[in-house]
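Thanks for making the time this morning. I would like to walk you through one structure, so please have the sequence and the model in view while I talk.

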Amino acid sequence: METSSLIAHPDHAVIWDQERLYLLDQRLLPQQSHFVVCETAADTGEAIRTMVVRGAPAIGVAAAYGVVLAARMRFAEAGEHWRAHLATDLVLLESARPTAINLHWAIERMRGLIGQLDHLDPVPALLAEAKRIHAEDVVANRTMGDLGAALITQPTAIITHCNAGALATGGYGTALGVVRSAHAAGNIRQVYADETRPWMQGARLTAWELQQSGIPVIVQTDHAAASLMARGEIGWVIVGSDRIAANGDVCNKIGTYGLAVLARHHGVKFMVAAPTSTIDLAVASGEDIPIEQRSADEVLGCAGQRICPEGVSAYNPVFDVTPAALVDVIVTERGVIEQPNVAKIQALFA
Ligand code: MRU
């Protein structure tokens, strides 16, 4: 497939076709529709690191295909000894970004399968597994969409932060999956999308994705939420997550914590939609989640232009942690957890 023949659609941000991985370049949306072609694990790791593909479940899916590319190269080089250097490729993919646990989760699942394979060509089995990870994510999103939408019982306006939509997943979306299903049920009057400095995932990606789906969306600065909530028009804040700790603390795009505090103050409900692949039972609380720090340049400039005085630096953590106590409900594909805590999260996995 030539990249020029691919059509940019939110549900097709990650495409495997004819032995190649195509990633819709999310850095350029919505102005340009361009697909990056990955032929190796190194290409895939670089695409994840540089935000061509982003969003926790989407980078997990992309990394699973990256493992297929790695195995293909190692088998072509070493035949039955294909395993020799594959472990390094997996570590490289896994280290592309530190916070979203879905990346580690997907690689671990591929690693588990690698452990069961013999010395023959590993690609068919690994490709089938990567496709399963991709397809299961879409099914999980649809289930979460139904479960989350059932909680929104009357027409309302909602706020979302960053992009937790089809673009950020295998398709349909987590938070935006709930929005899609609730909109279909007639219960979304208006979506307010925080622009989400500095990468503008809300202004660029959520706005584009919802517009394509005919869901009413208004973009607002990240600071507008407080006054909007004070007007009493917002029923829910609905967000995704990059990692949920064993006690229900939720790590998501920087600014999410502030929204949760505001929501509690104004009596607005706070919903997190995330598949169980986002829950990390190995971290006891949000304090243990590694928070990615990105370059100061992302904050010091805007649209490629420096706006701060030379010599000034910037603080750029790209995720924050919302304590479980501020979360009204976590929606997963296995069920809904109200007022999350350790016991309820454990029960989900029992
Ligand atoms: O830095 P990003 O764009 O990868 O951050 C993405 C988010 O924070 C999303 O809200 C999260 O991954 C959930 S996506 C379904």
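This is a predicted model: local features need pLDDT of at least 70, side-chain atom pairs count only at pLDDT 80 or more; totals for chains, interfaces and linings use all residues.

The protein chain is divided into domain 1, residues 2-139, and domain 2, residues 144-349, and the centres of the two, taken over C-alpha atoms, are separated by 25 Å. Domain 1 brings 29 residues to the contact, while domain 2 brings 32.

Interface size is often quoted as the accessible area lost when the parts come together. Here the area buried between domain 1 and domain 2 is about 2,600 Å², with carbon and sulfur atoms giving 56% of it. If you look for the residues that contribute on the domain 1 side, P10, T99 and I101 supply 25% of the area that domain 1 buries against domain 2, which is more than any other three residues.

What about the polar side of this contact? Between the domains the count is one salt bridge, and E292 forms a salt bridge with R97, where the closest N and O atoms are 2.8 Å apart. There are also 17 residue pairs in polar contact between domain 1 and domain 2, counting pairs with both residues at pLDDT 80 or more. On the side of domain 1 that touches domain 2, the elements giving two or more residues are α2 (56-78), α4 (101-116) and α5 (123-149), and by class that side has 16 nonpolar, seven polar and six charged residues.

Strand β8, residues 243-245, runs antiparallel to β9 and is joined to it by two bridges, with I244 standing opposite V250. The two strands form a hairpin with four residues between them, and G248 in the turn has a positive phi of about 95°. β9 also pairs in the antiparallel sense with β14, residues 319-322, over four bridges, and there the bridge partner of V250 is T322.

Which peptide bonds are cis? Another is the bond from R197 to P198, with omega near -5°, and P198 lies in the loop between β5 (188-194) and α7 (201-212). That loop between β5 and α7 also holds T196, which has a positive phi of about 70° although it is not a glycine.

Conventions:
Residues are numbered from 1 along each chain as its sequence is written. Side-chain values use heavy atoms; hydrogens and water are left out. Domain bounds come from an automatic or database domain assignment. Contact means heavy atoms within 4.5 Å. Buried area is the accessible area (1.4 Å probe) that two parts lose on being put together, summed over both. A salt bridge is a side-chain nitrogen of Lys or Arg within 4 Å of a carboxyl oxygen of Asp or Glu. A polar contact is a pair of N or O atoms within 3.5 Å; within protein, one must be able to donate a hydrogen and the other to accept it, and residues adjacent in sequence count only if both atoms are side-chain atoms. Ala, Val, Leu, Ile, Met, Phe, Trp, Tyr, Cys and Pro count as nonpolar, Asp, Glu, Lys and Arg as charged, and the others, Gly among them, as polar. Two strands pair if DSSP finds at least two bridges between them.
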